[in-house]
Amino acid sequence: QSCKAAGARGWNQTVGVMKKQGDEYAKLLADMSDADLRAEMNAFDGSKVSKGKFIVDLVLGGHAAYRTQLFCYLKSCGRDELSTYNLWQGMDAPAPATA
């Protein structure tokens, strides 16, 4: 069902859905205290890590990977106006200075 809904969205609708994701993390983590985030847990490899670091590494790393993948897809589809400014700063590159 979510694939069908995603396929039916236009560009602006898709961007709007992606912008709302930040609010979701705030809601999901609202009940976690600083002590909860500092508590140790076992990572996937069995090593000890704080819950906060695990969440940041997993979520932030995952988003960076998917953001980069989307950027590469857009570039390969001919969106040559996009630059690393768009990828990492979420904005167009500044216009070159004129004399």
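A residue is called buried under 20% relative accessible area, exposed over 50% and partly exposed in between (1.4 Å probe, protein chains only). This briefing concerns a predicted model, in which local features need pLDDT of at least 70 and side-chain atom pairs count only at pLDDT 80 or more, while totals for chains, interfaces and linings use all residues. Residues are numbered from 1 along each chain as its sequence is written, and side-chain values use heavy atoms, with hydrogens and water left out.

**Salt bridges**
- The structure contains 3 salt bridges, a salt bridge being a side-chain nitrogen of Lys or Arg within 4 Å of a carboxyl oxygen of Asp or Glu.
- K53 pairs with D57, with 2.5 Å between the closest N and O atoms.
- Both K53 and D57 belong to helix α5 (residues 51–76), where they stand 4 residues apart, about one turn of the helix; helices (H or I, at least four residues) and strands (E, at least two) are DSSP runs numbered from the N terminus.
- D57 counts as partly exposed because its relative accessibility is 44%, and K53 is likewise partly exposed, at 46%.
- K27 and E24 form a salt bridge at 3.7 Å, N to O, and both lie in helix α3 (residues 21–29), 3 residues apart.
- K27 is exposed at 58% relative accessibility, whereas E24 is partly exposed at 40%.
- R79 is joined to E81 by a salt bridge, the closest N and O atoms being 2.6 Å apart; R79 is partly exposed, at 33%.

**Helix α5**
- Helix α5 has 26 residues and spans 37 Å from its first C-alpha to its last, close to the expected 38 Å, where the expected span is 1.5 Å times one less than the number of residues.
- G52, F54, F71 and L74 are buried in α5.
- The cover over the buried residues of α5 includes α2 (11–19), α4 (34–38), β1 (40–42), β2 (48–50) and α6 (84–89), with contact meaning heavy atoms within 4.5 Å.
- G78, which follows α5, has a positive phi near 95°.

**Largest pocket**
- The largest pocket holds about 1100 Å³ of space.
- Elements giving two or more residues to its lining are α2, α3, α5 and α6.
- On a 1 Å grid over the protein atoms alone, a pocket is an open set of points where a 1.4 Å probe fits, with protein on both sides within 12 Å along at least five of seven lines, and lining residues have an atom within 4 Å of a point.
- Helix α5 gives the most to the lining of the largest pocket, with 14 residues.

Key. Grid points are joined across faces, edges and corners, and a volume is the space filled by probe spheres set on the points.
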